[in-house]
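The stops below are to be visited in order.

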Amino acid sequence: MTEQIIVVGGGTGGAVLANDLADRLSAEIDAGEVAVTLVNDGPDHVYKPVWLYVPFGQREPEDGRRRLRELVDDRVAVRVDRVTDIDTEAKQVRYHEAPDPVDYDHLVLATGSTLAPEEVPGLAAGGHNYYSEPGAEALREELLSFTEGHVVLSVVGTPHMCPAAPLEFVFMADDWLRERGLREDVDITYTYPIQRVHGNPHIAEWARPLMDGRDIGVETLFNAESVDPDAGTVTSMEGTDLDYDLLVAIPPHRGIDLIAEAGLGDDGWVDVDKHTLEAEAAEDVYALGDAAATGVPKAGSVAHYQAGVVGQRIASEVRGRPATATYDGKTLCFIETGMDAASFVEFDYEHPPSPAPPSEKLHWSKLAYNESYWLTARGLL
């Protein structure tokens, strides 16, 4: 009987894992002993870091989009559909487009993050964001016509995708406005919900002097509670009001309801063992990337490294061997510090980040990685 592996979600984690499994289990798949299915709710794979560059006219949204079928090994069945139910006791999933449940032997949830701006009154109408393709395009139109006033970048909630991206935006906006001779007429304020400018204290300690040196205002312990689009005001739970002419907000992030409904975790994040990535509430279920509640950043590099671990573990289980591969929390990230300079951090569960001095070389390294990302998604890097 064919052993069924179902991977839900065709983002970085899901695509890399599907290709990893196709490579590791090629003999078993070719013999009909194993089948791998990758399920995604659309035909495209999207590389979201491209969206950061769209508001500044550096990239187009289509630069970050490829057909999923073109990125995934032919040994993998790609199903464009939505999973509507998970029964971990029966080991079955249901698809929106199919009436009958489908059995699985191994289930991997790589369902990512969703944006929930509606949780903050007025935010959807009054704020812009670059964490979605339409949001990045709309923000580009606003920035192109923005010549004076107050830009507020407000991180509304954590955790969120790409924790460094809010810092990157204000650094890039500062530089971009200076290049256009507009910075003296534009104030920039950055808000963060805890008492520092980033969740990681080492990155916060590195970033704060850069912000102060560039006259970027900072409001920490600022938890946005409501936005008044007519008055141009964002109000925090702590009672602080900020007037804005352009509000760039990082909306609250949530997982998908399906995960909570399956009893796998709150807010759509799967409770997992942070080393094995196995779901705590069900057997033969893994989660990776944004969907896995490990405490590490919700970043593409995390999903990439975790995919390799899950691939090794599932291959071992298929072959009746003990699964020994573990994830050590490895994360790496380039951080843009302007339009032509960037830093770099690498860390794990045991070793904290130590950001590298910003340089043009690191900026071009980040751009080069963005271009070569498609090889990563294909499992070639």
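In which strand does I5 lie? Select β1, residues 3–8, which contains I5; strands (E, at least two residues) and helices (H or I, at least four) are DSSP runs numbered from the N terminus. The model is predicted, with local features requiring pLDDT of at least 70, side-chain atom pairs counting only at pLDDT 80 or more, and totals for chains, interfaces and linings using all residues. Residues are numbered from 1 along each chain as its sequence is written, and side-chain values use heavy atoms, leaving out hydrogens and water.

I5 counts as buried because its relative accessible area is 0%; buried means under 20%, exposed over 50% and partly exposed in between (1.4 Å probe, protein chains only). Beyond four places in sequence, the contacts of I5 include L21, V36, H106 and I314, contact meaning heavy atoms within 4.5 Å.

Next, select T111 in the loop between β9 (106–109) and β10 (114–115). T111 is buried, at 17% relative accessibility, and touches V8, I256, I259 and A291, residues up to four places away being excluded.

Proceed to P159, in the loop between β11 (149–155) and α6 (165–179). The peptide bond from T158 to P159 is cis, with omega near 0°.

Finally, compare two non-glycine residues with positive phi: D267, near 60°, and L277, near 70°. D267 is partly exposed at 46%, whereas L277 is buried at 0%.
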